[in-house]
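Please look through the sequence and the model below.

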Amino acid sequence: MISVGETLPESTLTRMGAEGPEQVSMAELTKGRTVAIFAVPGAFTPTCHSAHVPSFIRNKDALAAKGVDEIICIAGNDPFVMQAWSEATGAGAAGITMLSDAECGFTDAIGMRLDAPAAGLIGRSLRYAMLARDGKVEVMNAEDNPGQCELSAGEALLDSIG
């Protein structure tokens, strides 16, 4: 698992743009910026939908007041599902960037892959929240259980920022 002090790996993720899916570079998103990144096992799954995304919507302004330029949510779902989930939760309207890591490139590179065949989740992410400044991890809050949202909630990340 990636640790505090390490640089985020170069990875390409996907988001929905005006013309459809578009590729975005994690290095470009974080270069010279302070970014809160949180990942979920899956869009529309119970804890992700009712606890994790809402915790970042609630804390968006407080995180911005502590210098966070952007909040990014990553999931292993395709970009069309991420867009629908963004609309359903209000995340997009709140200014949270929803990124697809459907190939698990970023997730694998940071050692956070989750495969839970019994739940139908293959190539997904463990639940975490991190703060990166200029691409370097300053805070990493990972859950021991992907069904929990305590250490990785928006409130916990906010409390972790100096």
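The buried residues of helix α3 pack against β1 (12-17), β2 (20-25), α2 (46-65), β4 (70-75) and β5 (97-100). Here buried means under 20% relative accessible area, exposed means over 50%, and partly exposed lies in between, with a 1.4 Å probe and protein chains only. Helices (H or I, at least four residues) and strands (E, at least two) are DSSP runs, numbered from the N terminus. This is a predicted model, in which local features need pLDDT of at least 70 and side-chain atom pairs count only at pLDDT 80 or more, while totals for chains, interfaces and linings use all residues. Residues are numbered from 1 along each chain as its sequence is written, and side-chain values use heavy atoms, with hydrogens and water left out.

Helix α3 spans residues 79-89, and its buried residues are Pro79, Met82, Trp85, Ser86 and Thr89. Viewed down the axis of α3, these residues fall within an arc of 115°, so they line one face of the helix; the arc is that of the directions from the helix axis to the C-beta atoms. On the face of α3 turned away from the buried side are the exposed residues Phe80, Glu87 and Ala88.

Both ends of the helix can also be described. At the N-terminal end, Asp78 caps α3, with a side-chain oxygen 2.8 Å from the backbone nitrogen of Phe80. After α3 comes Gly90, whose phi is positive, near 85°.

The aromatic rings come next. The structure holds 2 aromatic pairs; rings of Phe, Tyr and Trp (its six-membered ring) pair if their centres lie within 6.5 Å, and planes under 30 degrees apart count as stacked, over 60 as edge-to-face and the rest as tilted. Phe38 and Phe56 form a stacked pair, 4.1 Å centre to centre with 0° between the planes. Phe38 lies in strand β3 (residues 34-39) and Phe56 in helix α2, so this pair ties together parts that are 18 residues apart in sequence. Phe38 counts as buried at 0% relative accessibility, and Phe56 counts as buried at 0%. The rings of Phe44 and Trp85 have their centres 6.3 Å apart and their planes at 50°, so this pair is tilted. It links distant parts of the chain, with Phe44 in the loop between β3 and α2 and Trp85 in helix α3, 41 residues apart. Phe44 is partly exposed, with a relative accessible area of 43%, whereas Trp85 is buried at 0% relative accessibility.

How many disulfides does the structure hold? The number is 0, a disulfide being a pair of cysteine sulfur atoms within 2.5 Å. For Cys48, the closest cysteine sulfur is in Cys73, 7.9 Å away and therefore too far for a bond. For Cys149, the closest cysteine sulfur is in Cys48, at 8.1 Å, which is also too far for a bond. Cys48 counts as buried at 1% relative accessibility, and Cys149 counts as buried at 17%.

Finally, Thr97 lies in strand β5 and counts as buried at 15% relative accessibility. Leaving aside neighbours within four places in sequence, Thr97 is in contact (heavy atoms within 4.5 Å) with Glu70, Ile71, Ile72 and Cys73. The side chains of Thr97 and Glu70 are joined by a polar contact of 2.5 Å. A polar contact is a pair of N or O atoms within 3.5 Å; within protein, one must be able to donate a hydrogen and the other to accept it, and residues adjacent in sequence count only if both atoms are side-chain atoms.
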